[in-house]
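Welcome! Take a moment to look over the sequence and the 3D structure, and then let us walk through the fold together.

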Amino acid sequence: MIKTDGRKIIRTEPTNTQPMHSDSYTTKVEPPYSYNSHNIVHWEPESKKLLVFSQYMGGDPVKLEIKKHAKSWLAKAGTFLDNKCIEKKTRWKYICKPLDGYNKTTYSIFINQDPTGPEMECNCQGFQTKIQKGEEPFCSHCLAVKQFIHINQHSRAPPERISRK
Ligand SMILES: [Zn+2]
């Protein structure tokens, strides 16, 4: 929706022509050879979606609720990656180790083998509270695991540098 205040045009919501899950703004760009906690947010699908939500300016309460968490989820996931908190234990289980001076708990993130359920389940309070409230469960630990998996699956060797000397 576009509102006019007399002087300039204010864009209040993302336009409907651009779907939330759109890949359109990255498809023309070659993916990076190596991912890190900064560039991963533009490539891992869930992070890209949250980035869009974090900039949402409209009035839809569901989207605003996600917006409330999106920035902190993205920031925390980046911190977990930077501090090498995520570790793969088995094909179906990852852990998120505690951050020094932030918390003391190691959380477990399970990949759901049942495709009808949520994709991942975390044993942290935030995730479990959302399940109890009947809300769509998600947390920064799950986001960090998604980014971790993307980094490991998509990083590739850079082309050999051609020396001009
Ligand atoms: Zn969690």
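Two strands pair if DSSP finds at least two bridges between them. Helices (H or I, at least four residues) and strands (E, at least two) are DSSP runs, numbered from the N terminus. What you see is a predicted model, where local features need pLDDT of at least 70 and side-chain atom pairs count only at pLDDT 80 or more, while totals for chains, interfaces and linings use all residues. Residues are numbered from 1 along each chain as its sequence is written.

**The overall layout**

The protein chain holds four helices and six strands. Starting at the N terminus, its elements follow the order β-β-α-α-β-β-β-β-α-α.

**The sheet**

Four strands form an open sheet in the order S3-S4-S5-S6, paired antiparallel. Strand S3 (86–88) and strand S6 (120–122) are at the edges with a single partner strand each, so one side of each has no neighbour in the sheet. From one strand to the next, the twist averages 20°; here axes are lines fitted to C-alpha atoms, for helices over the stretch in contact, and angles run from 0 to 180 degrees between N-to-C directions. S3 and strand S4 (residues 93–96) run antiparallel and are joined by three bridges. Across from Lys 88 you will find Tyr 94 in S4.

**The core**

A residue is buried if 20 or more other C-beta atoms lie within 10 Å of its own, exposed if 12 or fewer, and partly exposed in between, with C-beta atoms placed from the backbone. Of the 165 residues in the protein chain, 22% count as buried. A nonpolar core is a set of buried Ala, Val, Leu, Ile, Met, Phe, Trp, Tyr and Cys residues joined through C-beta atoms within 7 Å. The largest such core has 25 residues, and Ile 86 is among those with the most contacts inside it. Helix H2 gives this core its largest share, six residues.

Two residues are in contact if their C-beta atoms, placed from the backbone, lie within 7 Å. Not counting residues up to four places away in sequence, Ile 86 touches Phe 80, Leu 81 and Tyr 94, among others. The buried residues of H1, including Leu 50 and Phe 53, pack against H2 and H4.

| Element | Residues |
|---|---|
| Helix H1 | 45–54 |
| Helix H2 | 61–82 |
| Strand S5 | 107–111 |
| Helix H4 | 140–154 |

**A loop residue**

Asn 83 sits in the loop between H2 and S3. Asn 83 is partly exposed, with 14 other C-beta atoms within 10 Å.
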